[in-house]
Amino acid sequence: MSDTIIQVNDLHKSFKSNGVLKGVHFEIKRGEIFALLGSNGAGKTTIVNILSTLMKPDNGSANVCGYDILREAGNVRQAISLTGQFAAVDDILTGRENLVLIAKLRGVKNPGTVADGLLKRFGLSEAADKRAAVYSGGMMRKLDIAMSLIGHPAVIFLDEPTTGLDPEARIEVWKTIKALSDGGTTILLTTQYLEEAEQLADKIAILHGGKIIANGTLDALKKRFPPAKKEYIEKQPTLEEIFLTIIGSEKEDAQ
């Protein structure tokens, strides 16, 4: 079995006269967190949409879990889950009802048991019977990710999962993503937050001008830059040092 779970070759995509992707190449290994960095409009969401079979490329090819995204789109969809920029949660339903609904749609056995297990895993048990409309941003996002886990997908696409969240909620989502990776799930994460990629990613790719201009581990990317300059700052004495020096001088004068 190949260790490569996502293979992308020479993807191109244009919208009218605007070329968004101009030959994108990368691969993701099984169990990795792969962070795709880029500014607004760089094409991150376009890549996610293509790999999740929501959009067709103009040229190029890609395989997800061994399936061709064009010829075997149905198999790709069975193997993946997608969490978009905005939570796909029904506000009218409770947290538990949202999970049960998705479990039934996916044909999972014992949907109630599955829902209860996910609620416990994500720390949402106490809010299980509350309408999702009253959830905080962090709780909503955790519920959204929990819904994406139903059916045990091999790959999860997280498209800017922490956009709009406060720092505390963002950290909670980071913990969730780390836990998923530790459990063997492969994650493609798009983000604008450099700190997010630094905290989470095994590999980082930078999308710019329609192409991947850098790709590797954080340590490997750091080596592409000149060594950090050493700056020497005049050290100011502490009050303790001043006190001891004065006391020492007084003792010497007394002698």
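**Exercise 1.** Which strands does helix α6 (residues 167–182) lie across, and at about what angle does α6 run to β8?

*Solution.* This is a predicted model, so let us go step by step.
- Start with the strands: helix α6 lies across β3 (33–37), β7 and β8.
- Then take the direction: α6 runs at about 150° to β8.
- Now look at another helix: α5 (residues 137–149) lies across β6 and β7, and α5 runs at about 165° to β6.

**Exercise 2.** Work out the order of the strands in the open sheet of 6 strands, and find its edges.

*Solution.* 
- Trace the sheet from one side to the other: the order is β6-β7-β8-β3-β9-β10, and the pairing is mixed.
- Look for strands that pair on one side only: these are the edge strands, β6 (80–83) and β10 (211–216).
- Zoom in on one pair: β7 (residues 155–159) and β8 (residues 186–191) run parallel and share 5 bridges.
- Pick out a bridge there: isoleucine 156 has isoleucine 187 in β8 as its partner.

**Exercise 3.** Decide why helix α1 (residues 44–51) counts as largely enclosed by the rest of the structure.

*Solution.* 
- Recall the cut-off: buried means under 20% relative accessible area.
- List the residues of α1 that are buried: Lys44, Thr46, Ile47, Val48, Asn49, Ile50 and Leu51.
- Draw the conclusion: 7 of the 8 residues are buried, so the rest of the structure largely encloses α1.
- Finally, step just past α1: threonine 53 takes a positive phi of about 70°.

Definitions and conventions: Residues numbered from 1 in each chain as written. Predicted model: local features only at pLDDT ≥ 70, side-chain atom pairs only at ≥ 80, totals over all residues. Heavy atoms only, no water. Buried < 20%, exposed > 50% of the residue type's maximum accessible area, 1.4 Å probe, protein only. Helix = DSSP H or I, 4+ residues; strand = E, 2+ residues; numbered from the N terminus. Pairing = 2+ DSSP bridges. Contact = heavy atoms within 4.5 Å. Axes fitted to C-alpha atoms, helices over the stretch in contact; angles between N-to-C directions.
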